[in-house]
Amino acid sequence: MKYISTVIESEYIIEILDEKHLSINGEVHTIDFEEVDGQPVFSLILDGKSYEAFVYFEEGEWKVMLHGTLYPVLVEDEREKRLRQAYGGGVTQTSEYHLKAPMPGMVVSIPVEEGQQINKGDALLILESMKMQNELRSPRSGKVTRIRVEPGDHVEKKQTLLSVE
Amino acid sequence: MFDKVLIANRGEIAVRIIRACRELGLKTVAVFSDVDRQALHVRFADEAYYLGSPPARESYLRGDRIIEIALKSGAGAIHPGYGFLAERADFAQACIDAGLAFIGPKPSAIAAMGDKAIARATVSAAGVPVVPGTAGEGALSNDELLAIAPTIGFPLLAKATAGGGGKGMREVRNIEEMPRLLNAARREAEAAFGDGNVYLEKLLEEARHIEFQILADNQGNVIHLGERECSLQRRHQKILEETPSPFIADDQEFRQQMGEVAVRAAKAVGYVNAGTIEFLVDKDKRYYFLEMNTRLQVEHPITEAVTNVDIVKEQIRIARGRSLNYTQEDISQHGWAIECRINAEDPYENFLPSTGRISHILLPTGPGVRVDTGVYPGFTISPYYDSLISKLIVHGKTRAEAILRMRRALEEYKITGVRTNIPFHQMLMNSHRFMAGQYDTRFIEDRFSFNSVNIDKSSDADIAAILATLVAHQQIQRSTHIIRRGKRDTSNWKWVGRWERMHR
């Protein structure tokens with residue numbers, strides 16, 4: 001199986017040859033790869049060098065926590081990559097974004113109003129949890145469409161708080 | 001003399017206190033809220049009693065119920081830990097009134113140090129320098145503040161009287177911009193605390209936050225156990241502490257001088273038991289009294305590591321009316337200790353608290369490593385209490401050894417199920433300024449950007465790519481075998497349901 005894996009700007013062509021071998025950009029390496037029982041922790045021995053990392057999938061890409069650094073990795077096969085490039089690579093921005101509570105807590109304040117134009121990175125809502133006030137910011141620019149909560153409300157994890165169009 | 005202690009707290013500090021009691025042969029009583037029935041402090045204690053529902057005001061802040069439980073269980077003393085009821089003079093008094101020993105200072109000392117005006121007046125009367133400003137002078141108008149400002153000198157800070165956490169705070173560089181900034185600070189304070197009063201404080205540039213640990217017994221002996229450097233803070237929350245302070249380093253005379261001043265400040269309020277005097281120190285080694293914490297501190301283990309004094313055991317000894325085990329001459333610092341506060345928060349998501357079930361923990365061990373924690377695999381982190389889940393403390397011969405040891409301990413430490421700030425600490429340990437000991441209280445916010453990781457320079461990007469690809473490959477392989485019996489990723493019932501729907 002051949003994959004094209006992208007870390008930030010760097011592209012690696014990785015081919016899984018068999019259980020014990022893979023090639024990266026044409027160079028063949030010996031691998032010994034294991035999942036540490038029941039955890040998202042993986043152990044890799046690559047040509048005798050031992051690595052351990054957290055690997056998990058989030059928001060459309062793989063996250064690899066290795067030696068205290070978090071690497072975002074996009075893993076695609078050739079067909080997926082071609083498809084992505086054909087669509088210009090960009091994620092379409094037409095659909096609504098729903099701000100969801102990342103944890104249970106209490107809404108302290110909502111610094112925006114319905115219909116307000118906002119920029120990426122603007123604070124949308126202040127949520128208090130674990131005795132800390134947390135600013136939830138907008139991942140994109142747009143217009144606040146619907147605010148579903150009020151200051152003082154207790155919200156559950158993943159509850160939709162407001163939407164941005 | 002008591003032989004059973006009730007611990008009016010939860011989490012790692014309750015566990016820490018239970019351990020000290022156990023080693024002293026004292027029985028322990030835990031209290032718990034609904035979400036803490038399976039917490040470690042409940043599992044470790046000899047007795048445990050239910051307090052109330054999860055919010056602190058219905059459980060760990062219910063002083064009346066806690067005293068009732070102490071009396072019912074036959075505990076002769078209450079240890080408040082930190083937070084919750086630890087610095088409440090009325091609770092300390094209620095314990096005494098109920099005939100219980102309060103393992104902490106006298107209510108009068110808690111009250112005196114808890115009131116900014118009284119604390120500043122008391123310690124300055126004892127000859128201890130305080131940060132110039134109007135703290136504790138009551139509600140002053142803009143006109144009054146504008147008149148006082150030049151006597152303090154610029155730059156200065158306008159701070160919310162009711163405040164904390166940096167809200168209602170403004171930096172004022174000159175008199176012209178002052179009215180505007182005062183109004184902004186008042187508005188913010190009003191919105192955050194319902195009290196628009198502000199006070200002025202001289203802004204110390206490149207200031208460090210250095211504190212001294214105090215122990216005082218009922219016989220009038222007061223000693224200090226040296227300093228702790230606590231300048232590394234994020235949103236005014238300490239995140240990493242070390243001792244000795246790299247700023248004081250081997251200036252023994254300066255250390256001794258500050259220590260003596262700290263002892264004097266404690267004596268000024270007739271202090272008994274363990275406490276901490278916090279100072280702000282500027283780049284010219286001028287130091288000012290900030291406040292006194294009239295309780296056990298989160299970061300006490302680093303002092304224990306370098307002085308070999310068990311602070312919690314000394315607290316209990318003092319509360320039993322005995323004199324201190326040590327004189328000032330007995331105390332010296334050996335080696336270097338660092339503590340990293342491990343919080344359930346996601347450094348990649350603006351340090352948002354992370355809740356949920358801890359699925360796995362691999363603890364760092366080996367020489368010079370101590371972990372104080374209140375959680376274990378299977379325990380659920382709830383949103384009701386603070387996010388501190390453990391404290392990782394290392395001790396080395398030198399600062400360099402301590403840093404290298406902390407690096408390897410952080411690398412060993414694995415917690416899954418909730419996100420933690422371990423990667424943040426790892427990056428801090430690699431920062432050149434931290435390694436050089438060159439940091440002040442604003443370092444993390446002004447000069448240390450967690451998101452600006454330069455991945456290009458790292459040679460591990462290829463390894464990360466391989467790991468992600470192997471995991472992705474493994475998943476694809478598995479999903480193609482999904483029909484194989486017992487290998488399905490969903491339950492059989494769900495699978496049958498889907499199969500039926502498909503064939504409807």
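How many salt bridges does the rule find across the interface of chain B and chain A? In this predicted model, the count across that interface is 3 salt bridges.

**Stop 1: the interface of chains A and B**

Select A:Glu35 together with B:Arg478; their side chains form a salt bridge, with N to O at 3.3 Å. Among the elements of chain B that give two or more residues to the side touching chain A are strand S16 (352-353), strand S22 (414-416), helix H13 (422-429) and helix H16 (461-480). Of these, H16(B) contributes the most, with 17 residues. Colouring by class shows 23 nonpolar, 14 polar and 9 charged residues on the side of chain B that touches chain A.

Next, display the whole contact, which takes 51 residues from chain A and 46 residues from chain B. Between them the two chains bury about 4,500 Å², and 70% of this lies on carbon and sulfur atoms. The interface also holds 7 residue pairs in polar contact, both residues being at pLDDT 80 or more.

**Stop 2**

Select strand S7 of chain A, residues 61-66, where 5 of the 6 residues are buried. Strand S6 (residues 49-58) of chain A pairs with S7(A) in the antiparallel sense over 5 bridges, and A:Glu58 has A:Glu61 as its bridge partner. The hairpin of S6(A) and S7(A) leaves 2 residues between the strands, and A:Glu59 in the turn shows a positive phi of about 50°.

Continue to strand S8 (residues 69-76) of chain A, which is joined to S7(A) by 5 bridges and runs antiparallel to it. Here A:Lys63 is bridged to A:Pro72 in S8(A). This hairpin, too, has 2 residues between its strands, with A:His67 at a positive phi near 45°.

**Stop 3: the parallel sheet of chain B**

Which order do the 5 strands of the open sheet in chain B follow? The order is S3-S2-S1-S4-S5, with parallel pairing. Strand S3 (47-52) and S5 of chain B stand at the edges with a single partner strand each, so one side of each has no neighbour in the sheet.

Then select helix H5 (residues 107-114) of chain B, whose buried residues are B:Pro107, B:Ala109, B:Ile110, B:Ala112 and B:Met113. These pack against several elements of chain B, including helix H4 (89-97), helix H9 (252-268) and strand S13 (287-293).

**Stop 4: salt bridges within chain B**

Over all chains, the rule gives 42 salt bridges. Begin with B:Glu87 and B:Arg295, whose side chains meet at 2.7 Å, N to O. B:Glu87 is in the loop between strand S4 (77-79) and H4 of chain B, and B:Arg295 in the loop between S13 and helix H10 (300-307) of chain B, so the pair ties together parts 208 residues apart in sequence. B:Glu87 is partly exposed at 35% relative accessible area, whereas B:Arg295 is buried at 19%.

Move to B:Glu242 and B:Arg399, a salt bridge of 2.7 Å, N to O. This pair links strand S11 (residues 237-243) of chain B to helix H12 (residues 399-412) of chain B across 157 residues. Both B:Glu242 and B:Arg399 are buried.

Finally, select B:Glu211, B:Arg228, B:Lys238, B:Glu241, B:Glu278, B:Glu299, B:Glu339 and B:Arg341, which salt bridges with shared partners join into one network.

Conventions
Residues are numbered from 1 along each chain as its sequence is written. Chains are lettered from A and ligands numbered from 1 in the order in which they are written. Side-chain values use heavy atoms; hydrogens and water are left out. Contact means heavy atoms within 4.5 Å. Buried area is the accessible area (1.4 Å probe) that two parts lose on being put together, summed over both. A salt bridge is a side-chain nitrogen of Lys or Arg within 4 Å of a carboxyl oxygen of Asp or Glu. A polar contact is a pair of N or O atoms within 3.5 Å; within protein, one must be able to donate a hydrogen and the other to accept it, and residues adjacent in sequence count only if both atoms are side-chain atoms. Helices (H or I, at least four residues) and strands (E, at least two) are DSSP runs, numbered from the N terminus. Ala, Val, Leu, Ile, Met, Phe, Trp, Tyr, Cys and Pro count as nonpolar, Asp, Glu, Lys and Arg as charged, and the others, Gly among them, as polar. Buried means under 20% relative accessible area, exposed over 50%, partly exposed in between (1.4 Å probe, protein chains only). Two strands pair if DSSP finds at least two bridges between them.
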